[in-house]
Each structure stands twice: as structure tokens, then as C-alpha cells.
Amino acid sequence: MRYKKLLWVTGFMVFVGVCNAQTPVPRTEDAIRYRRAVMVMIKWHYDRLSLQTKGSIPFVREEAQRSTAWLEMLSQQATEGFVPGSQEGDTKALPSIWEQGAKFRALADRFRSDATKLNAIARTGGDAAALKAQMNEVTRTCKSCHDDFKKS
Ligand code: HEC
């Protein structure tokens, strides 16, 4: 009786092992959803901040600081979901990301340092004009990366 139970347990464990082997983690579609979600959040804070620095909505220091803090944090996650083999699927990522990895990573690094600087300006009491100047740098980096690595 005990022996039979052991056989069942062993059989089940082998089955789980086989399933896991066939389902890579993270799955490609999860990686794509992750990186797109990060970009959506980046855009949210980028837009909120742009509207404030352009004067379309009132500049509220705490609000601006909240967005720059998020942008710095999200800039560190920007390349997380671009795992090898995830160029196919519900994505606008171009295969050049994996073919010219060094260039892609260099732009991601530039985005990280742009966003870090932006947040530093906000934390040290920078006004709308100072933030606007640094937002121009950020915008250039978004655009450079999208021009080379994203389908329009
Ligand atoms: C290092 C490269 C890189 C940088 C920097 C970058 N992006 Fe992206 N972005 C991409 C790629 C690649 C995609 C396509 C992702 C996909 O479809 O899988 C994308 C997608 C997007 C999307 C579409 C998201 C969706 O709905 O699927 C938005 C919005 C976006 N980026 C905004 C921004 C903004 C705003 C910035 C700058 C503040 C920025 N990105 C910086 C590479 C970059």
C-alpha cells in the first residue's frame, strides 16, 4: 500500500518536472506584457511632468517629485522584459534589440542617467524651468531608442 502511494507521488513529481521543462519561466508573452507595462507607466509620469513643466497644468512640487522618483525607478526596469527570444508576439520591439544589444543597452544606460539626473534636480528643489531643460534630454533619449528599436 505504502509502496503504491510512493509510486504515485514519484509519478506526479516527474509529471510536474516535465511540465516545467516545457514552460520556460518567464514565458515570452509575460516578458512582453511586463516591458510594455513598464513603458506605459513611464509614459504616464513623463506626460504628467511634461504638462507641469510646460505650464498646461499647475506646477506642484510634490507631484513633480513623485513623477521624477517613479521615472528614475522605472528607468532601472526599462530593459528587464527584453529577454532573448521575445521578438515574436504582441510586440513592437524590433529584432535589432537583440542584434545590436550593445547599442540598445547604451541607450538604456543613457535613459537611466537622464532620469537619475531629473530626479536629483527635483529633489534639490529644481523649478519647472530646470526640470523642463532636463526633460528635453529625456525626450531625446526616448526618441533615439524608439527610432532604432521600436516599430512605429
Ligand atoms: C532603451 C530603449 C527605450 C527607451 C529609452 C524608451 N523606450 Fe519606450 N519602448 C521601447 C521599445 C523597444 C518599445 C516596444 C516594446 C514592445 O512592444 O514590446 C517601447 C514602447 C513604448 C511605448 C508603448 C507601450 C505599449 O503600449 O505597448 C510607450 C508609450 C513608450 N515606449 C514610451 C516611452 C517614453 C515616454 C520613454 C522616455 C521617457 C521611453 N519609452 C523610453 C524602447 C525604449
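These legends describe close-up views of a predicted model.

**View 1. The shell around the ligand.** The ligand is surrounded by 23 residues. Arg36, Met39, Thr91, Cys142 and Cys145 are the closest. Helix H2 (28–53), helix H5 (101–123) and helix H6 (128–149) each give two or more residues to this shell. H2 provides the largest share, eight residues. By class, 15 residues of the shell are nonpolar, three are polar and five are charged.

**View 2. Helix H2 from end to end.** H2 has 26 residues, which at 1.5 Å a residue should span 38 Å. Glycine 55 follows H2 and has a positive phi, near 85°.

**View 3. The buried residues of H2.** Ala31, Ile32 and Arg35 are buried. Further along H2, Ile42, His45, Tyr46, Leu49, Gln52 and Thr53 are buried too. Helix H3 (61–75) and H6 are among the elements that cover the buried residues of H2.

**View 4. The largest nonpolar core.** This core has 13 residues. Leu49, Leu71, Ala115, Leu118, Leu131 and Met135 have the most contacts inside it. H2, H3, H5 and H6 each supply at least two residues of the core. The largest share, four residues, comes from H5.

**View 5. Leucine 118 and its contacts.** Leaving out residues up to four places away in sequence, leucine 118 touches Thr68, Leu71, Leu131, Gln134, Met135 and Val138.

Methods
Residues numbered from 1 in each chain as written. Predicted model: local features only at pLDDT ≥ 70, side-chain atom pairs only at ≥ 80, totals over all residues. Near = placed C-beta within 6 Å. Nonpolar A, V, L, I, M, F, W, Y, C, P; charged D, E, K, R; others polar. Expected span 1.5 Å × (residues − 1). Buried ≥ 20, exposed ≤ 12 C-beta atoms within 10 Å, placed from the backbone. Contact = placed C-beta atoms within 7 Å. Core = buried A, V, L, I, M, F, W, Y, C linked by C-beta atoms within 7 Å.
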